[in-house]
Amino acid sequence: MNSTLFASSQVYRARRRLAPWLFNGAMIVICFFVLIPVLVTILTSLKDQTDVQRNPPVLFPCDTSDGQFNLSACRWSVEGYTRILEPRPNPNALLGFEYIGRMISVYLPNTLIYAVSGSVLVTVLAGMAGYVFSRYRFRGRRALMLAILAITGIPLLTNLIALYRMGVALRQAFPGYEERLYVIVVYVGFFLPFSIWVVKSFFDTIPRELEEASFIDGCTPVSSLIRIVAPLAAPGLTSAFLMSFVGIWNEFIAGYLLVGKATLRTAMFGLYDFIGQFVIGYQVLAAGCIMVAAPVVIIFLFFRKTFFRAMVEGALKG
Amino acid sequence: MATPAGTASGHTSVSSYSHRRHHIQQGFFSRTLPFWLLLPALLVIVVIQVIPALFSFFLSTQTFERGDQIYVGLRNFERVFSSSAFSLSLFHTLFFLIGYVALTLIAGFVIAQILNRKLRLSPFYITVIFVPWVLSDVVVGLIFRLFIVPDYGLFSAFFADPRIFPPKGISILTTPAAPALIAGVPFPPAPALIYLIFASAWKALPFITLLILAALQTVSHELIESAAIDGADRWRTVRYITFPLILPTLIVALFNLTLTGVNGVGMVFSLTGGGPGTATEVLSYLLYTIGFGRLDFGRAAALSVFMAIINLTLILLTLRISRSEKEA
């Protein structure tokens, strides 16, 4: 009896010591499988045209003519990137080159403009509205908040049919119609409801006593909002900004349908356009993916905790 | 007009009562501050979301003939619902959703269970797993397309192998669906649709894992340990303790997946373009082809109203569940 108990506790202890290794091993395998598509895309983007058109395909362009793997025989190439960037020597430009590829000279700058100005507006508006929903009690408050939440349930495409026709009507009605502005306002409208909820839940965690103390010290509600509450709510506002930034950056269908002028197209449209343009230039397509995705991946890696918190808050409160 | 000296002395004499002054002499602007703070946000939401939604609703009752707009009542709905393209894409969407939701939820649950053991490297693992989430639909579709381009894709040889996929091997981008077992129901689905499920699940997995992990962390350790002391094995602990406790979150995750699955269209664009044939034409892609391919806005609006109703139902159900969870 005693010995079996002892034996089982020994097994138990051995298991406990073994378990972390098992789970770490499992997670490493899972992480590897999750990252395979990304790693393969990076490798593909660094091959030249002959190596992406090999049958059977090779993962590393490092085989010699007699089929041996040899690191010194690697034919890494940045052809995919140069075909997108299209550098031209220009003595006046920085570094002596100017890049005339549409992705770098048109699409990415446009997307940057849309994403930055759109998410700044979302953050400001969501900050104001979230503050009211968190601090003031008024008739219809709960109904209004639920209505804002329900609006996120309207599919993008439902709105886009109407927004497309509204855009056409606006263009005809106003000769000086600014398409860029219209697209930004549309993006703000898309990402505002979710952000209001995220920001509101962050405001809820700031104690009201701080504001009341600031009123006693002579702050008006506006200056209290700007000087006391906004700095404390900075994490919430940052997450609203980042979520909207990534959302607008990655948005495809609205930019594709609403932007008419070629000079105002977005990066996602450019990438989609590449599929038809570089039919067998797989290394170009892979390089395009990397160039378009790298900025948001880097932003994510820097601010990952803010993203995680905003996502859990947004999904569970909402 | 007050002299500078007057204002200075006035200021010092009033400042100690400043909190009272606020309540007594609030100006019109201060009293209506909440309204002004809300106004811009509400205005944008109304203009970009509410009015277009109502406008789409209105468009669904109109038809356009030679530039004239004619009221046709529910004719657009009849025509959409009776078309074979609609029923096919409804089945495609259904098959896609079943596979996508099941695959993502199961994989997410398993990974969250492992991560919940508080391994020292858990934050690192979560970060790595999360990379796909930050990629756009178009990028994910394109990445997965590069795997299976005919002849040169890394997986193409695997799929083209007749020993694994009899009788002749398959090419995801060109092999159509096998003949339907039941007339009118596109089952079994085309390889491309199944591949689309995997690509979509890859992108959705991080978020669902994080959601389930957050829920698992609220399950108290004492509860699990006392179950173990009472002799419950691991499976029973999960089945009778963990599972019921995180069920509300699982349902939120399920609805979230359904919503993104019904509405997502970017991946179809860059991965398959709806093809081969119409094998991956899901409802949202059909909506795009009717509305912007054929410029039949009336029928596209009718279809979009149908999809909006599905979505709103799901959102309201999610609200119901998360609210009952809060009360519990």
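Chain A is divided into domain 1, residues 2–73, and domain 2, residues 101–316; these bounds come from an automatic or database domain assignment. The model is a predicted one, in which local features need pLDDT of at least 70 and side-chain atom pairs count only at pLDDT 80 or more, while totals for chains, interfaces and linings use all residues. Residues are numbered from 1 along each chain as its sequence is written, and chains are lettered from A, with ligands numbered from 1, in the order in which they are written.

The C-alpha centres of domain 1 and domain 2 of chain A are 37 Å apart. Between these domains, nine residues of domain 1 of chain A are in contact with seven residues of domain 2 of chain A, two residues being in contact if their C-beta atoms, placed from the backbone, lie within 7 Å. On the domain 1 side of chain A, α1 (2–45) and α2 (49–52) each supply at least two residues, and α1(A) gives the most, with four residues. Helices here are DSSP runs of H or I with at least four residues, strands are runs of E with at least two, and both are numbered from the N terminus. By class, that side of domain 1 of chain A has two nonpolar, five polar and two charged residues. For these classes, Ala, Val, Leu, Ile, Met, Phe, Trp, Tyr, Cys and Pro count as nonpolar, Asp, Glu, Lys and Arg as charged, and the others, Gly among them, as polar.

I turn now to the two chains together.

Next, the core. The largest nonpolar core has 164 residues, and those touching the most other members are Ala129(A), Leu192(A), Leu271(A), Cys289(A), Ala41(B), Val139(B) and Leu196(B). Such a core is a set of buried Ala, Val, Leu, Ile, Met, Phe, Trp, Tyr and Cys residues joined through C-beta atoms within 7 Å. A residue is buried if 20 or more other C-beta atoms lie within 10 Å of its own, exposed if 12 or fewer, and partly exposed in between, with C-beta atoms placed from the backbone. Helix α10 (residues 191–216) of chain B supplies the largest share of this core, 18 residues. Domain 1 (2–73) and domain 2 (101–316) of chain A both give residues to this core, so it lies between them. As for Val139(B), leaving aside neighbours within four places in sequence, this residue is in contact with Leu271(A), Cys289(A), Val292(A) and Ala293(A).

Helix α6 (residues 156–173) of chain A has 18 residues and reaches 25 Å from its first C-alpha to its last, close to the 26 Å expected at 1.5 Å a residue; the expected span is 1.5 Å times one less than the number of residues. Buried residues of α6(A) include Leu157(A), Leu160(A), Ile161(A) and Gly167(A). Helix α10 (residues 234–250) of chain A, with 17 residues, should span 24 Å, and its end C-alpha atoms are 24 Å apart, which agrees. Of the 17 residues of α10(A), 14 are buried, and the helix is mostly covered.

Chain B has 15 helices and two strands, and 39% of its 328 residues count as buried. Strand β1 (residues 62–65) and strand β2 (residues 68–71) of chain B pair in the antiparallel sense over four bridges, where pairing requires that DSSP find at least two bridges between the strands. Thr63(B) has Ile70(B) in β2(B) as its bridge partner. The two strands β1(B) and β2(B) form a hairpin with two residues between them, and Arg66(B) in the turn has a positive phi of about 45°.

Which other residues of chain B deserve mention for phi? Asp151(B), which is not a glycine, has a positive phi of about 70°. Asp151(B) sits in the loop between α8 (137–148) and α9 (156–160) of chain B and is partly exposed, with 14 other C-beta atoms within 10 Å. Leu295(B), also a residue other than glycine, has a positive phi near 55°. Leu295(B) is in the loop between α14 (283–293) and α15 (297–327) of chain B, and is exposed, with 9 other C-beta atoms within 10 Å.
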